[in-house]
Amino acid sequence: MAERKLAVVTGASSGIGAMFARKLAARGYDLLLVARREDRLRSLAVELSEMYHVDSDVMVADLAADADRERVAERIRSASNLGLLVNNAGFGTLGFFADSDLESQLQMHRLHVLAAMHLTHAALTNLIPRGEGGVINVSSVAAFGQSAGSVSYCATKGWMNDFTSALHAELEVQKSPVKVQALCPGFTLSEFHDTAAIDRSPIPQSLWMTADFVVSESLRGFDEGKLIVIPGWRYKLIVMFMKALPGWALRKMSAKGAERYRKQKV
Ligand SMILES: NC(=O)c1ccc[n+]([C@@H]2O[C@H](COP(=O)([O-])OP(=O)(O)OC[C@H]3O[C@@H](n4cnc5c(N)ncnc54)[C@H](OP(=O)(O)O)[C@@H]3O)[C@@H](O)[C@H]2O)c1
């Protein structure tokens, strides 16, 4: 019998990451679940092993910390059955850059940029010689914007899209069957907005998506070898619009949004 492939999912303790873990287990992958909240990871691992008869392992790691990141990277590099890495762990902050505490911005860059880069390097050094599998980087529609009040979030997700797109070009040059994807969701129901203390109420109902839908779209795109996946027709239109706008108009729109947010705060 063929060996089951291993999927490594970061940020698997809630939201989109937990949904990736469920859907990948249903596809017959063994799982390595990574995040900081051990209790969440362990109960998900038990649930997946029982429901899908796959091996689910847990690594408790703060991916913004160098030593933890390297520990996870080493596990990825040395997994002989590695099939997929999902760089999903992430968080948002709200507020003007110079007003926010520097540590939260450093943390975000370490997680969205350094961890995604470090773990992708580990995965590709394993997958490219074997000629299989892939990496999904969970980015955001924010990658296409430059929002006032969300400077580091947009910048790090923009980096993620550029990084993934350039990797895609390299893999094509190497004629490698290894796939990479930047998944760019819009508003998705998860713990994301609670963690960032973002009020969900001003956001229209029609813009909310479930993690189930977002992950299904990602995996469908992965099967088709799609580089950029934007779940939902509304967000595809929004991104088309954002791309068509000149930079000054995009920034003006974002400044208006930020102004509304500032007024709400006072
Ligand atoms: N929800 C949205 O509207 C939305 C839209 C676009 C993109 N996204 C992106 O989707 C991804 C998943 O977010 P989500 O919506 O599922 O939010 P979530 O429910 O808050 O999940 C975030 C996950 O990241 C993990 N994480 C955070 N900091 C970490 C760290 N230092 N080390 C290891 N793990 C860490 C958290 O686990 P622990 O706290 O247990 O460590 C949690 O499992 C993020 O990259 C986010 O930017 C979300």
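## Packing of H1 and H2

In this predicted model, the axes of helix H1 (residues 15-26) and helix H2 (residues 38-52) cross at roughly 20° and come within 10 Å. Angles under 35 degrees count as roughly parallel, and H1 and H2 are therefore roughly parallel to each other. Their crossing is right-handed.

On the H1 side, the contact is made by Ala-18, Ala-21, Arg-22, Ala-25 and Ala-26. H2 contributes Leu-44, Leu-48 and Tyr-52. Sorted by class, the contact of H1 with H2 has 7 nonpolar residues, 1 charged residue and no polar ones.

## Packing of H1 and H7

H1 also packs against helix H7 (residues 211-223), at an angle of about 55° and with the axes 9 Å apart. H1 and H7 are therefore oblique to each other. The crossing of H1 and H7 is right-handed.

Here H1 presents Gly-15, Ile-16, Met-19, Phe-20 and Lys-23. These residues meet Ala-211, Asp-212, Val-214, Val-215 and Leu-219 of H7. The residues of the contact of H1 with H7 divide into 7 nonpolar, 1 polar and 2 charged.

## Surroundings of the ligand

Which residues come nearest to the ligand? Of the 28 residues around the ligand, these are Gly-11, Gly-15, Arg-36, Gly-90 and Ser-190. Gly-15 also belongs to the H1 side of the contact with H7.

Two helices, H1 and H6 (192-195), each supply at least two residues of the shell around the ligand. The largest share of that shell comes from H1, with 3 residues. By class, the shell around the ligand has 12 polar, 11 nonpolar and 5 charged residues.

## Overall fold and dimensions

The protein chain contains 9 helices and 7 strands. Its C-alpha trace spans about 60 × 45 × 35 Å along the principal axes.

Methods. Residues numbered from 1 in each chain as written. Predicted model: local features only at pLDDT ≥ 70, side-chain atom pairs only at ≥ 80, totals over all residues. Axes fitted to C-alpha atoms, helices over the stretch in contact; angles between N-to-C directions. Helix = DSSP H or I, 4+ residues; strand = E, 2+ residues; numbered from the N terminus. Parallel < 35°, antiparallel > 145°, perpendicular 65-115°, else oblique. Left-handed = near helix turned anticlockwise from the far one by under 90°. Contact = placed C-beta atoms within 7 Å. Nonpolar A, V, L, I, M, F, W, Y, C, P; charged D, E, K, R; others polar. Near = placed C-beta within 6 Å.
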